[in-house]
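This report concerns the structure shown below.

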Amino acid sequence: MDEYKSLRHSKWECKYHVVFIPKCRRKTLYGQLRKYLGEVFHELARQKESRIEEGHLMVDHVHMLISIPPKYAVSQVVGYIKGKSAIHIARVYGERKRNFVGQHFWARGYFVSTVGRDEELIREYIRHQEHEDKRLDQLELLR
């Protein structure tokens, strides 16, 4: 925390908690896809001069703590990551050689929240999200 980054005329620290889901919340983030998707997200973030500080790929959604320079809109970076990763998934795992129309991997929207001074709390939440989901599923089974 308090590590400010610099642009030519500004010092900044802009971090966001972002969550998005696959279309229809399909449980498709298993196995081989889940293993390589993290690398793809990190590379795409770097292309927009952003950095994924913390992230976790759940079975049916993605959590990330991402640092985005103020010269980019959050929607621009998240849209870029979702769009390019969907194309990558289609080409590599869907065996498609060109862009495709009418098929989308990610659902249309996303959740975003500014992190501010609660960064450590958000990091902890992302790290333990999978355990919390399992605990809640267990509670549902007991009802």
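In this predicted model, H17 is part of strand β3. Its relative accessibility is 6%; because buried means under 20% relative accessible area, H17 counts as buried. The side chain of H17 makes a polar contact of 3.1 Å with the side chain of H63. Leaving aside residues up to four places away in sequence, H17 touches H63, M64, L65, F111, V112, S113, V115, I122, Y125 and I126.

Strand β3 spans residues 15-20, and six of its six residues are buried, so the strand is largely enclosed by the rest of the structure. The burial applies to both faces: K15, H17 and V19 are buried on one side, and Y16, V18 and F20 are buried on the other.

Two strands pair with β3. Strand β5 (residues 62-67) is joined to β3 by six bridges in the antiparallel sense, and within this pairing V18 stands opposite M64. Strand β6 (residues 111-114) also runs antiparallel to β3, with four bridges between them; here V19 is opposite F111. Among the residues that H17 touches are H63, M64 and L65, as well as F111, V112 and S113.

The next topic is the aromatic rings. How many aromatic pairs does a search of the whole structure find? The search finds four, and two of them are set out in the table.

| Aromatic pair | Geometry | Centre to centre | Angle between planes |
|---|---|---|---|
| F20 and F41 | edge-to-face | 5.8 Å | 80 degrees |
| F105 and W106 | edge-to-face | 4.8 Å | 90 degrees |

F20 belongs to strand β3 and F41 to helix α1 (residues 31-47), so their pairing ties together parts of the chain that are 21 residues apart in sequence. Both F20 and F41 are buried. F105 and W106 are likewise buried. Ring pairs connect F20, F41, F105 and W106 into one cluster.

K48 lies over the face of Y80, at 4.8 Å from the ring centre.

Helix α2 covers residues 74-92, which amounts to 19 residues. The distance from its first C-alpha to its last is 27 Å, close to the 27 Å expected at 1.5 Å a residue. Which residues of α2 are buried? They are V74, V77, V78, I81, K82, S85, A86, I89 and A90. An α-helix has 3.6 residues a turn, so residues three or four places apart point the same way.

The chain has 143 residues, of which 36% are buried. Among the contacts in the chain with a separation of 6 or more, 69% are between residues 24 or more positions apart.

Key: Residues numbered from 1 in each chain as written. Predicted model: local features only at pLDDT ≥ 70, side-chain atom pairs only at ≥ 80, totals over all residues. Heavy atoms only, no water. Buried < 20%, exposed > 50% of the residue type's maximum accessible area, 1.4 Å probe, protein only. Pairing = 2+ DSSP bridges. Polar contact = N/O pair within 3.5 Å; in protein donor to acceptor, adjacent residues only side chain to side chain. Contact = heavy atoms within 4.5 Å. Phe/Tyr/Trp six-rings, centres within 6.5 Å; stacked < 30°, edge-to-face > 60°. Lys NZ or Arg CZ within 6 Å of the ring centre and 35° of its normal. Expected span 1.5 Å × (residues − 1).
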